[in-house]
Amino acid sequence: MGVAQLESDLTRLGAVEQRDLVRARKVSPVELLDAHLAAIARLNPVLNAIVTLCTEEARKAARQAEDAVMRGGDLGILHGLPVVIKDITETAGIRTTYGSPLYADHVPDHDAEVVARLKRAGAIILGKSNTPEFAAGASTVNAVFGATRNPWNPALSPAGSSGGSAAAVASGMVPLAQGTDFGCSVRIPAAFCGIVGLRTTPGLIPNDPMALPWDPGQVHGPLARKAEDAALMLDAMVGLDPLWPISVAPTWRSALDEVRGANDIAGLRIAYVSDIAGIGVDPEVERVCRAAVHRLAADGARVDEIAFSAAEGREAYMTLRADWMVGQQFERLHLLDKMGKNLAGNVRDGLEVGSRDMAAAQQVRAGLLRKFRQLFGDYDFLITPAAPVEPFPVEQGFPDSIGGVKLSNYVDWIAPAYLVTLMSLVGCSVPAGLSRSGLPVGLQIIGPRFSEPRVLGLARHVQQVLPIGWPREDVRR
């Protein structure tokens, strides 16, 4: 089999399928790595999704993984699968720049806990994916590596801040990628790139060594082409860490098993809200999402379109976000003038936040929690558009209006995602269909804490009945 055919045959498979082929000795980890390296060589010069490639280290790990298969020993659940890590997450011996010129040559001497877990599960760390400086922004561009582009149309943005991870997965360069999500950073890139991205319950995956150990805002999450693949990666990432202060144990034995067992959506209670944030939604995005929930109703779910708004949480989130920015960058405050304009501006905004502002934000948050508790007493899931707009030009950075209505700030457009963060809920973006312009539209499935397998089970059904296919090859080249 030629290299081109090997790449096409293997990289189009899901992560679970690739893993199973390795376990059955039908494909070796080395062959799997070579296929993905060929895809990277062909696609990454256009997309700029992977910014540090560890070819030799990955080849060594693949050979070791192949030896383990041949010996017949116990294999991890991700054994032999190439994975990329977002460039704000520490990797031992592999450059980690945080997308910042201040750390352009930084090489950590330790792995973040999530990376250590992926390695223990048998994953092969292939490289680092692009991100805005310290993940501060919903568009993936920085002064070190430039902009990442969308596999469905390289003239467009993959969003951010896990845009490099999303683009790498969507294009077939890797089957799985790690991301982080504070405002929208896993979910909206997944929506823009037509894949599955999961925001997890805070504490389910320890954040060590990130700053703010008690913070419930920023979480790790998987990006994958299929819901089953996201569940597989989730199983490798979760687990109680007694030394991480908000660490919690999963309430399931295997997310993958539960997702595979979720074959019937009959009777599920689903609430649909087109705009939970009061910012509007692009008519084409809303059309695709509405059609998707109508399909769920036709398949037996009880779907109600309800009047529900969480718009009062927008100002509260911005206050808490500003304080979080200062906490994340506290040890670098003396370098504020050397940071990029966007990051520095966010930190300066945070320095203006006082205790009265924080107390008021927490009061709003508590009131909003009561609204969500009531909603989830009546419904299993809340469904919304994952992003209120279609992908925009990569040079634009962010949309300044929705449906002709001007937004009040550059973060407003991600409010449907960050309000989920504010409530510490589970949120998953799954492709619901293609717009008339041929771009993926993401459906956000929202559930209570620890509902990851159930959310992914519904996402799996959406993918089965509403497949979107792959980005066109002539566009990606």
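Is Phe-192 buried or exposed? At 1% relative accessibility, Phe-192 counts as buried. Buried means under 20% relative accessible area, exposed over 50%, and partly exposed in between (1.4 Å probe, protein chains only).

## Basis

This is a predicted model: local features need pLDDT of at least 70, side-chain atom pairs count only at pLDDT 80 or more, and totals for chains, interfaces and linings use all residues. Residues are numbered from 1 along each chain as its sequence is written, and side-chain values use heavy atoms, with hydrogens and water left out.

## Aromatic pairs

Rings of Phe, Tyr and Trp (its six-membered ring) pair if their centres lie within 6.5 Å. Planes under 30 degrees apart count as stacked, over 60 as edge-to-face, the rest as tilted. The count comes to 12 aromatic pairs. In one of them, the ring centres of Phe-192 and Trp-413 are 5.9 Å apart and the planes are at 35 degrees, so the pair is tilted. Phe-192 is in helix α7 (residues 187-193) and Trp-413 in the loop between β13 (405-406) and α14 (415-422), 221 residues apart. Helices (H or I, at least four residues) and strands (E, at least two) are DSSP runs, numbered from the N terminus.

Trp-413 is buried, at 0% relative accessibility. Trp-413 also pairs edge-to-face with Phe-392: 5.4 Å centre to centre, 85 degrees between the planes. Phe-392 is buried too, with a relative accessible area of 5%.

## Cluster and charges

Phe-182, Tyr-317, Trp-324 and Tyr-418 form one aromatic cluster.

A charge sits over a ring if NZ of Lys or CZ of Arg is within 6 Å of the ring centre and within 35 degrees of the ring normal. Arg-12 lies over the face of Trp-470, 4.2 Å from the ring centre. The charged end of Lys-371 sits over the ring of Phe-308, at 5.4 Å from its centre.
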